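Hi,

Here is the structure I said I'd pass on to you. Have a look through it first, and then read on for what turned up.

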Amino acid sequence: MVSPNEDAMAYEAMPPEAPLAMPKQTLSSGTLKNPGKLPSAPPHMFWRRLYIIGGTLLITALGTFQMFRVLAADGLVTILELVLLCFFAVLFGWVSLSFVSSVAGFLLIYTRRQRRLGIRGDKPLPPLTVKTALLMPTYNEEPQRLMAGLQAIYESVAETGYLDRFDFFILSDTTRGPIRLEEVAEFHRLRERVGGGSNLYYRHRSDNSERKAGNIAEWVRRFGGHYPQMLVLDADSLMTGDTIVRLAGAMEAHPDVGLIQSLPLIVNGNTLFARMQQFAGRVYGPVIAHGVAWWHGTESNYWGHNAVMRTRAFAECAGLPPLKGIAPFKGHVLSHDFVEAALIRRGGWACHMTPALGGSFEEGPPSLTDLLVRDRRWCQGNLQHIGVLPTRGLHWVSRMHFLVGIGHYLTAPMWAMLMLIGLGIPLTGDTMSLGMKELSLISPASYWRSLDPARIVYVFGATMFALFAPKFMGYLAILSDKQTRKGCGGVWRMLVSMIIESVLAALMAPIVMFVQSRGVAEVLAGKDSGWDAQRRDDGSLPWSALVKRYGTVTLFGLALGTAAWFISPALFAWMSPVIVGMVLAIPTVAMTSSVTLGRWLRTYRLLSIPEETKPPAILTRAKQLRLPASAGPTPPSPPPPANDTELQVERRVA
């Protein structure tokens, strides 16, 4: 006899199967279909990309030349200086690409020229003629919170009058028994709350191979034939019905489009760190997103959630093969979304991003610790793309997506090497013959200024300008939008918030650089990142755990500071921003993980966003539905009998 718990563990409620072939793709062979301009492509793409690539190369060349003039000021460029010049060129190019892209984004926002694929939020909703499946994968998430978010989405879609055009799927990869039982119970409670929910389905995989990518692919192969379109969510995703309908309508209206990615805004931040993230994403993020969408065109990227896809295009093109090679590059693709978008474009389909649409939300990590845990997994996945880069038939913009993703993690150790080489050069050569008294008067700042004072100040100023310009462009763009400006606290509060965010980001930068550099080393050494559920609200850790996680960073900072002081107090002063950030790693992480500080800042409307001061209806509804979760988990209830007529098919699967 099967116990109620065993019965619930084996429960599945799904529609009749409609299989759709999803073959594994071959990376060693293939051609780019439709290499020319696609029907949905924006105009003047050649000139847009010429501006981005040409502008980046021009600025990088000018900066690198000026740096070379500095190094050659004494008439001789050493091997160490050439190495520094190479690092500088790559990193200055990285900053320049972000700068020129942000300029384009700023102009788009400022001139209100933001429409993509004819999608406009101020127009009537488009007609829908086909069904779209909303897929919400979950992995050991809190069931009540998950179902509450899905209910808010469900009700918002119902308000549009198009509920009959959507089916909702919870695709569980949960491995923990108690959570699995509660998922089943909450699923049936959700159906009861929405009045039956005959278009709400639930499936659990006993074998969660290939993680999220395998979860989605399994659904496509079993049920994808019935749904021309699918919209992929994350466990913390919220999307308004208006946005969902407009995305689905845009997909119907443009038969050459295979993927449309929305711009999810980070919301619901309670800790100081989470509020920093949502403020930065709301103020700086749109400038960057509009810029990249402007020049990516039909070769935009995919971020793994809050995006609608043509099911046939995904099935035909995005079956991911296991990667060959050595650990950790071999095996299933971890950062699957970049690869899926590249393969969809290789198959001849357009991939777009619509940053101006709105109505798309997600939640950020509550602490730097949680961000770094997630970042370690992304580090392994993005470095894995080194093995994907040679894939035959990819569009060159798709290859750039891979390079940017890889560079995001390689730049951390490169910044560290640039700093160390820049510190080491003044302490080599003629300085080796100096005594401690003379050496103590030397600092890297005085050394570099002595080579070419005016030029080194110019190079440093240009680097800082390019680095911080996207933040100021985001600030200026919001000043032109009265409603958003008020939602961010107004002119002065927003400026104070920028200062707070920048100071805290500067304090955390050495920590991130150290941890990311260590992560790159671990990945290259073959250490796997693992896979676990993310924390959503509370980012706090006991002091013992903080010491364990960040004690190495603190000790490294103390050792670095001590060595710098004994070599030269001037050297110590020069290195103090990095030293202070590392030494204060533990209290910095503890402080930024605080909910109390986050709430205090919210009281004074600092690090504020419009979605917090005047939240959209879907955020308010989701918060209301999630309130019972604070009382603790509800005891699981048994599943309904197998003859429930509201579902087309119900199975007991072993």
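Let's start with D173, which is buried, with a relative accessible area of 1%. Keep in mind that this is a predicted model. You'll find D173 in the loop between β3 (166-172) and α5 (177-193). Its side chain makes a polar contact of 2.8 Å with that of R205. P137 is 36 residues away from D173 along the chain, yet their C-alpha atoms are separated by 7.3 Å.

Next, the salt bridges: the whole structure has 23 of them. In one, E210 pairs with K24 at 3.2 Å, N to O. That pair links distant parts of the chain, 186 residues apart. E210 counts as partly exposed at 28% relative accessibility, and K24 does too, at 41%.

Another joins E522 to R376, with the closest N and O atoms 3.1 Å apart. Here helix α18 (residues 490-524) holds E522 and helix α12 (residues 368-384) holds R376. R376 is buried at 14% relative accessibility, while E522 is partly exposed at 23%. There is also a network of salt bridges with shared partners, made up of E12, E17, R203, E218 and R222. Within it, R222 and E218 meet at 3.1 Å, N to O, and both lie in helix α6, four residues apart.

Last, the second largest pocket: it holds about 1,300 Å³ of space. Its lining has 39 residues, with R282, A356, G358, D481 and T484 nearest the centre. Which helix gives the largest share of that lining? It's α17, with four residues. By class, the lining splits into 15 nonpolar, 13 polar and eleven charged residues.

Cheers

Notes. Residues numbered from 1 in each chain as written. Predicted model: local features only at pLDDT ≥ 70, side-chain atom pairs only at ≥ 80, totals over all residues. Heavy atoms only, no water. 1 Å grid on protein atoms, 1.4 Å probe; cavity = no way out; pocket = protein on both sides within 12 Å on 5 of 7 lines; lining within 4 Å. Points joined across faces, edges and corners; volume = space filled by probe spheres on them. Helix = DSSP H or I, 4+ residues; strand = E, 2+ residues; numbered from the N terminus. Nonpolar A, V, L, I, M, F, W, Y, C, P; charged D, E, K, R; others polar. Buried < 20%, exposed > 50% of the residue type's maximum accessible area, 1.4 Å probe, protein only. Polar contact = N/O pair within 3.5 Å; in protein donor to acceptor, adjacent residues only side chain to side chain. Salt bridge = Lys/Arg side-chain N within 4 Å of Asp/Glu carboxyl O.
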